[in-house]
Amino acid sequence: MHLYELSLNNFKNISEARLELSGKVNCFLGNNGMGKSNLLDAIYFLSFCKSFTGVNDRLIIRRGEEWAMVRGRYERKGVDEELTLGLAAGKRKTLKRSGKEYPRLSAHIGAFPLVMVAPQDIDLIRESGEERRRWMDMVISQSDPQYLDALIRYNKGLEQRNRLLRDGCVDPALYTAVEMMMDMSADYLYRARNRWVEMLTGLFGRYYSAIAGEGAEMPSLRYVSHLQRQGVTLTTLFDEARRHDEIVRHTSVGPHRDDIEMELDGMPMRRTGSQGQCKTYTIALRLAQYDFLREATGMRPLLLLDDIFDKLDAGRVERIMSLVTSDSFGQIFITDTNRKHLDEIMHRTGGDYRLWEVETGGFTLL
């Protein structure tokens with residue numbers, strides 16, 4: 001799969017842009033705040049119907065304007081396809097695929113797989129388990145529509161159960177109805193997450209070693225869930241925690257509390273990892289994610305690399321360049337403030353590249 005044309009109107013600081021893209025490497029050079037990352041976010045938006053940064057849709061629309069639009073023309077499994085995403089103040093966003101609007105945006109997730117590597121990835125290590133759960137859900141949902149359905153049902157049940165607890169409800173029948181729905185979904189989420197972490201761990205370890213170099217530290221991932229206890233079900237956990245949940249007035253057990261422990265040489269990354277180690281760790285996670293999606297979807301995802309070389313030594317930069325320009329990866333979009341890095345990336349592609357200079361939301365092909 002590749003994106004061969006991108007058009008933007010009123011997207012963040014980009015008033016208007018139309019780019020014809022290389023099928024291999026597309027580089028964007030410019031100072032911070034010029035719009036490089038905004039362009040990558042527009043591509044991300046077409047795959048996920050939301051911003052990578054998590055900002056409200058209203059903030060996507062350029063200041064002073066009432067609407068924004070992103071249009072992408074793709075080659076996907078040998079077929080030309082067009083995606084058009086529209087945003088308007090006070091209205092719901094719309095996504096059309098080859099002119100036909102999706103009735104549910106969730107039905108689009110996974111159809112145009114994408115992996116984004118960005119400075120914000122440090123949150124996977126430093127922040128709470130919510131960040132890592134969001135990552136698991138985002139990746140697995142791209143390869144398994146049933147997982148996304150189970151996640152939506154579980155979260156709907158969780159919202160209902162928490163409302164019952166906040167309201168002080170004591171009717172067992174109401175709790176039973178909600179908890180049965182949550183239990184069925186929870187089992188699917190647990191099994192899918194457990195399989196995914198096991199599969200990802202081997203891929204991740206190889207990428208970490210390839211980037212960090214010979215004699216590097218040993219990374220590890222471990223999935224943590226309340227449902228790991230032998231023979232336990234979500235219903236069992238709810239029965240055990242019922243009195244506690246009634247006191248605190250929220251649901252304290254279940255897949256919404258799952259986490260991934262990230263370690264290096266047996267030590268927690270969030271406490272002991274240096275900036276360079278954390279950057280290497282998160283890039284390796286994202287490249288492992290790419291391999292997983294490639295196998296699961298039968299397509300090469302788009303790979304978006306946003307300012308990834310900062311805080312890395314020359315050796316690690318060199319090894320990342322070798323990886324991402326290999327035949328294992330498809331179309332790449334990369335931003336940097338340093339032309340030296342981009343020139344080296346382009347040199348390795350053998351000529352299949354395009355380079356733009358970005359300034360105040362404008363793009364000049366060099």
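1. A pocket here is an open set of points on a 1 Å grid over the protein atoms alone, where a 1.4 Å probe fits, with protein on both sides within 12 Å along at least five of seven lines. Its lining residues have an atom within 4 Å of a point. A volume is the space filled by probe spheres set on the points, which are joined across faces, edges and corners.

2. This is a predicted model: local features need pLDDT of at least 70, side-chain atom pairs count only at pLDDT 80 or more, and totals for chains, interfaces and linings use all residues. Residues are numbered from 1 along each chain as its sequence is written, and side-chain values use heavy atoms, without hydrogens and water.

3. The largest pocket holds about 960 Å³ of space. It is lined by 34 residues, and Lys-50, Arg-134, Trp-135, Asp-137 and Met-138 are the closest to its centre. H3 gives the most to this lining, eight residues. Helices are DSSP runs (H or I, at least four residues), numbered from the N terminus.

4. The second largest pocket holds about 260 Å³. Of its 17 lining residues, Pro-119, Lys-279, Asp-307, Asp-310 and Lys-311 are the closest to the centre. Helix H8 (residues 275-297) supplies the largest share, four residues.

5. The largest nonpolar core has 122 residues. Such a core joins buried (under 20% relative accessible area, 1.4 Å probe, protein chains only) Ala, Val, Leu, Ile, Met, Phe, Trp, Tyr and Cys residues through side-chain atoms within 4.5 Å. Trp-135, Trp-196, Met-262, Tyr-281 and Leu-303 have the most contacts inside it. H5 gives the largest share, 17 residues.

Technical notes:
Helix = DSSP H or I, 4+ residues; strand = E, 2+ residues; numbered from the N terminus. Buried < 20%, exposed > 50% of the residue type's maximum accessible area, 1.4 Å probe, protein only.
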